[in-house]
Structure formats: structure tokens, C-alpha cells
Amino acid sequence: MKLHEYQGKEIFSSYGIPVPEGRVIEKKEELASIDLKFPWVMKAQILTGGRGRAGGIGFASGIDEAEKIFYELMGRKINGCIAKKILVEEKLDIEREFYLSVTVDRDRRCPIVLFSRHGGIDIGITKSIRNDGKREGKKGDIVKIYVNPLVGIQDYQMERVDKDVADIIRKTYAIFEDKECELVEINPLAYAGGRLVAADSKIVINDNALFRHPEIPEENEELTPLEREARRSGISFVQLDGNVGVIANGAGLTMATLDALDEYGGKGMFLDLSGTDDPEKVKSAFRILKKARADVIFVNLFGSITKCDTVAYGIRNVIDEEGIDCPVVARIRGTNEENAAKILEGKVIAIRSFKEAAKMAAELGGR
Amino acid sequence: MSIFVDENTRVIVQGATGHQGRFHMGAMQEFGTKVVAGVTPGKGGESVYGIPVYNTVEESMEREPNASVIFVPAPNAKDAVMEALDAGIKTVVVITDHIPVHDAMKFVNHAIHKKVKLIGPNCPGIASPEKSKMGIIPNMVLSKGNVGVISRSGTLTYEIVNSLTERNLGQSTCIGLGGDPIIGTTFVDALEAFERDIETKAIVLVGEIGGTAEEEAAAHIRKNVTKPAYVYIAGRSAPPRKKMGHAGAIISGGKGTAELKRDAFRAAGAKVAVFPQDIAEMIKNDMAI
């Protein structure tokens with residue numbers, strides 16, 4: 001789960017990482033009571049990259065200008081997001097910009113600290129730094145530190161950076177570890193007024209660890225309302241830009257089903273039922289896809305521990321009870337598949353072949 | 001032969017008395033796995049399908065296990081893995097899904113330090129037909145033969161293994177690596193083992209979007225693998241920056257796309273299937289030549 005900039009900066013502050021003086025506001029009336037020195041930086045609190053370029057940041061030299069910017073930031077979509085809050089800060093007098101992040105290195109299977117002597121809003125550079133730590137540049141520009149997660153950062157690893165940078169790195173790593181983050185990024189880490197200041201924050205908390213962090217408000221604005229509803233029913237749903245609602249079991253099979261659909265010119269939405277013998281879950285899946293305006297529902301299940309006939313009963317019930325009026329293509333293989341076929345006779349378009357079923361679903365969706 | 005598990009594997013089940021653990025303990029025994037003990041704290045003295053349950057892994061060592069399969073729910077999974085590693089278990093398979101990534105980093109590194117073969121987490125486990133199975137791959141899809149299967153997913157693997165079995169292409173070992181970003185055993189580890197295994201004549205890899213494990217596997221195949229390799233990659237139609245069910249299945253910063261992975265495998269001389277079921281057909285055709 002991504003945190004907003006202001007939430008990240010609150011955490012930075014509590015760990016002793018300096019941040020600019022700032023206030024978070026929601027209403028225009030709050031501007032008048034802000035006791036910060038002009039000029040101000042006003043930043044829309046939205047969870048999107050490239051915020052600055054998309055017009056999500058404004059500079060105000062006085063209160064009239066601040067009001068104008070307030071409306072500009074709150075009144076429209078920025079990269080598809082609507083801001084509910086604005087962070088107002090005193091503008092820093094930045095002399096130099098650095099880049100610092102701690103993230104999970106999938107290949108080495110450990111945390112990696114990346115520090116670059118060049119930072120700032122150049123997204124291309126930031127991305128390539130974050131993704132592989134490689135960038136064209138002078139030797140020594142980028143410092144990569146792999147950390148053994150069992151023992152943490154060692155003193156010798158800090159010898160490649162200045163003392164004040166080392167201090168910020170240690171604090172950043174402590175946040176990464178304590179809050180169980182996938183990413184803690186400070187870009188830019190600014191040198192201003194004789195000290196290092198976190199001019200921005202980007203924190204991603206590992207979703208699987210949220211249960212141990214009641215201090216983090218679980219808002220998860222990255223999910224759509226339907227995706228959130230699905231999650232509450234134990235269903236993994238990704239609301240994609242397609243009209244064929246795919247219901248499969250297992251993430252890999254669900255992806256493979258969307259791919260097969262795509263081969264035949266169809267576009268789908270991802271719904272992974274995962275392991276279930278609960279007909280209620282099947283019902284929720286159909287409801288979610290109907291709400292997401294699916295024109296066709298394509299059920300592609302491989303039953304093993306989940307028995308095909310149990311799922312088939314669920315499908316028959318939901319079609320009868322909810323009056324599902326769109327075509328349902330079903331390919332159900334595995335344990336008790338013959339029984340499942342009987343249960344669904346006349347209710348669905350039953351096809352045994354993966355490819356043929358995908359083709360049919362794509363064609364029905366294209367109409 | 002086979003890889004990682006065989007008739008000498010003596011298995012304990014951690015989380016044996018839970019719904020999942022109990023069910024699969026039975027299925028593993030039916031498959032022929034030597035299940036020697038169950039472990040659930042507080043349930044010592046009970047038994048599941050006639051197998052004794054112990055409070056700790058340490059106590060279960062009197063049954064001389066050398067492997068553990070873990071069904072313990074996510075909040076306590078790290079503790080269970082650490083317990084197995086510290087007790088001297090040499091092969092650990094972690095089935096549990098939704099384990100916090102910091103927990104996974106810790107136990108994976110501890111396993112590396114202890115030179116333990118750790119498979120998963122968030123995986124279906126491993127099976128060598130007619131020898132042993134640790135995990136949840138359904139017995140009915142498996143059959144003995146010469147195809148080695150390595151996969152990052154669960155149900156999709158069952159589909160593919162089932163289509164192999166339907167065409168009389170049995171398997172030496174099927175191994176599910178897991179869908180999480182941090183996993184113990186990698187494609188490269190499994191490829192090395194299959195290359196050495198005389199029973200394995202062909203290798204099937206089932207990958208998906210996210211990360212660069214497939215690209216590394218392709219580079220390894222190009223240099224070190226002589227056996228024919230067949231590949232399916234899931235997620236070709238997935239948009240960037242969306243987590244597709246698996247925590248690890250996400251395209252970020254232009255990396256981890258299905259196209260890059262497929263290209264890497266093609267360049268390494270592996271055959272890439274468009275549909276998962278095509279793999280069995282491709283192997284069958286090549287064997288006919």
C-alpha cells in the first residue's frame with residue numbers, strides 16, 4: 001500500500017529525518033491560518049508518479065496566489081487522481097539534490113540501499129536507478145549497499161558515503177524495517193540551508209504485513225471500490241479495461257486465460273477465485289463482474305481440491321437467483337467434471353477445450 | 001532419479017492439525033510420501049491418519065525426518081520455518097500464501113546460510129511421481145516419466161501437467177517455485193538439478209510477468225542446459241503497474257514483461273508456447289522426430 005507524501009513525511013519526522021515545515025489542508029479556509037513563510041510549495045496529495053509534470057505542484061508567493069493554486073489542485077483530475085488534501089510547505093532553498101531509496105532486491109533476495117549523488121525530478125533517471133541501480137555516469141555516482149536482513153546495515157558499508165548521508169541512510173533503513181516497507185524513497189534528498197532535508201517521500205508498505213501495523217491507516221486508494229469489495233470476499237479482482245469477466249482459480253491460470261482471450265481479440269477483467277468450496281464466493285464473483293459491466297462471463301476452472309461440481313452448483317444458483325442475463329462460457333476441468341457438466345446443462349455454454357472456449361468468449365464479447 | 005525429493009525423503013508436516021495440513025497429509029500419504037510426523041504446538045500426543053503429532057520440530061526429530069512441508073498460516077509461518085531450519089531439517093517447502101515479504105527475506109537468507117533447500121513460499125510444492133510429494137499438487141494430474149516441470153504458479157501448473165499426463169508424457173519431478181517476489185529455490189537452481197538428473201529428458205518452464213528470474217533462467221539455459229526446454233509465460237496481456245493476483249506478478253518500469261521473457265527464451269534456443277496446452281503437443285512432436 002502506497003502512503004501519501006504527507007504520511008511518509010510524518011514517519012520521516014518521527015525517525016529524525018528533517019522535512020520542510022509544512023501543513024496539510026483540505027479546505028480553502030484553512031489557508032488563512034497557515035503560519036509559514038512565503039514562498040510556499042503546494043503539493044496535491046495523490047498517489048501517482050510524475051505529479052510535478054502533470055501539474056500537481058504549485059508555487060505561491062502570497063495568499064491570493066495560494067487560493068488560486070488551491071482551486072487548481074483540488075478542482076481537477078491529475079493523472080486520473082483527485083486530491084483530497086494539499087500539503088503546503090515553505091519552499092526550500094535547494095543547493096543540491098540527491099537520491100536515496102531502500103527497496104527489496106528480488107534477485108539477491110535482500111534489501112538494497114541506493115544512494116545517488118544526482119537526484120530530482122528526472123523520472124527516467126529515477127526509474128532506472130530504482131529498478132537496477134545501473135545508470136550511465138561517473139564512477140562513484142551511485143552507491144549500492146546490499147543488506148543482510150538478518151543483521152542489518154554494518155558500519156563498514158557506510159564508509160562509502162559522508163557522515164550526514166550515512167545518518168539519513170540508517171534512519172531510512174530503520175523505517176524500511178520497522179514499517180515492513182517494499183520501498184522507502186527520498187527523491188530528492190535536498191541539501192538546503194546547510195543540512196539534508198527530505199523534500200519528497202514515497203513509502204510502499206507490504207500489504208501482507210499490514211495486519212501487524214495498526215498505526216498505518218488502511219485506505220488503499222490504489223484499489224477501485226469493486227476491487228476493494230472483492231478483497232473483502234477473499235477474491236482477487238483486477239478491474240481491467242475489458243468486457244469479458246474472467247473467473248478462474250489461481251493467478252497464473254487467470255492470467256493465462258486473459259492472454260488466450262487476447263489472442264482471439266477479446267479483452268477481459270481478472271478475477272481469481274483462488275481455492276474455494278464455498279458457493280457464496282462464486283456468487284460474489286458473479287455479482288462483482290456484473291457490477292463491473294461484463295458483457296460475457298468466462299469461467300475457466302481447473303478443479304482439484306476445489307471440486308468442479310461444488311463450483312457448478314454455485315454457478316447454477318447464482319444464474320437462477322440473480323437472473324444473470326449475459327452469456328456464460330464455462331470450461332470446467334478436473335475433479336468431478338462430468339458431474340459439473342450435468343449440473344450446468346442448459347445454463348451455460350460449456351466447452352472443454354481451452355482455446356475453443358477462449359475463442360467463443362472473445363467472439364461473444366466482440367458483439 | 002528425480003530432483004530434490006525421492007523415496008529417501010522423510011517428511012514432517014508443520015501445521016498438521018489445521019484444515020489444509022490434515023487434508024494434504026492424507027493426500028501425500030496416498031501418493032506414497034513417507035510422512036513420519038506432524039508438528040503443531042500444543043497438539044503434541046495427538047495423531048493424524050495414524051501419524052504422531054509433536055509440539056516442536058525438535059521433538060519430532062526422533063522420527064528422523066529430513067524434510068518439512070509448512071502449512072502454518074502467514075502470521076506464524078516465519079517462526080515455523082526458522083524452527084525447521086534450526087532443528088537441522090535439510091529440505092523445507094513453504095506452501096503458505098500471504099507471508100510478509102520481510103519475513104520471507106529473513107527465512108530465505110537463514111536457509112541460504114544453513115545450506116538448506118527451501119522451496120516457496122506461496123507455492124504448490126514439489127512431487128516426484130511414484131516416489132514422494134511435498135505439498136498440494138493434485139495426485140491425479142501426476143504420472144511418472146521424463147519431463148521435468150518448473151513453475152511459478154499453482155493451478156496453471158496442474159493444467160499443464162495434466163495435459164502432459166493425458167498425452168502419456170510423465171514427469172520426473174514437478175516443482176512449483178511460488179508466486180511471491182522473494183522465493184528460496186529459483187529457476188536456475190531447478191534447471192541445474194534437472195540438467196544433472198539422468199531421468200529428465202525435457203524441461204518445461206512456466207513463468208509469468210514480474211521480476212527477471214525468467215531472463216536469468218534463459219541466460220542459464222543458453223550457457224549450461226543441453227536438454228530441450230519448453231516455455232510458457234503468463235501475463236502477456238497484463239497492463240503495467242497492476243499486481244495480477246500474485247504478489248510478484250507486476251510489470252514495473254518497463255521490466256518484467258512477458259514479451260521480454262519470451263524473447264530471452266527464444267534467443268536461448270527454448271521453444272515458447274502461445275497457449276499452455278500447446279507444450280504437451282510440442283514435446284510430443286519433437287519426440288516423434
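A residue is taken here as buried if 20 or more other C-beta atoms lie within 10 Å of its own, and as exposed if 12 or fewer do. In the predicted model described here, helix α6 of chain A is mostly covered by this criterion, with eleven of its 13 residues buried. The buried residues of α6(A) are A:A251, A:G252, A:L253, A:T254, A:M255, A:A256, A:T257, A:L258, A:D259, A:A260 and A:L261. Just after α6(A), the backbone at A:G265 takes a positive phi of about 85°.

Elsewhere in chain A, A:E159 is placed in the loop between β7 (142-146) and α4 (163-178). A:E159 counts as exposed because it has 8 C-beta neighbours inside 10 Å, and the limit for an exposed residue is 12 or fewer. Between A:E159 and A:R106 there are 53 residues of separation in sequence, while their C-alpha atoms are 25 Å apart in space.

Chain B is divided into domain 1, covering residues 10-119, and domain 2, covering residues 137-288. The centres of these two domains of chain B, taken over C-alpha atoms, are separated by 26 Å. The contact between them takes eleven residues from domain 1 of chain B and eight residues from domain 2 of chain B. On the side of domain 1 that touches domain 2, the elements of chain B that give two or more residues are α1 (19-31), α4 and β7 (117-119). Of these, α4(B) gives the most to that side of domain 1, with five residues. The residues on the side of domain 1 of chain B that touches domain 2 divide into nine nonpolar and two charged, with no polar residue.

The contact between the two chains takes 44 residues from chain B and 41 residues from chain A. The elements of chain B that give two or more residues to the side touching chain A are α3 (74-87), α4 (101-113) and α5 (155-166). The most is given by α4(B), which supplies seven residues to the side of chain B that touches chain A. By class, this side of chain B has 21 nonpolar, 16 polar and seven charged residues.

Technical notes:
Residues are numbered from 1 along each chain as its sequence is written. Chains are lettered from A and ligands numbered from 1 in the order in which they are written. This is a predicted model: local features need pLDDT of at least 70, side-chain atom pairs count only at pLDDT 80 or more; totals for chains, interfaces and linings use all residues. Two residues are in contact if their C-beta atoms, placed from the backbone, lie within 7 Å. Helices (H or I, at least four residues) and strands (E, at least two) are DSSP runs, numbered from the N terminus. Ala, Val, Leu, Ile, Met, Phe, Trp, Tyr, Cys and Pro count as nonpolar, Asp, Glu, Lys and Arg as charged, and the others, Gly among them, as polar. Domain bounds come from an automatic or database domain assignment.
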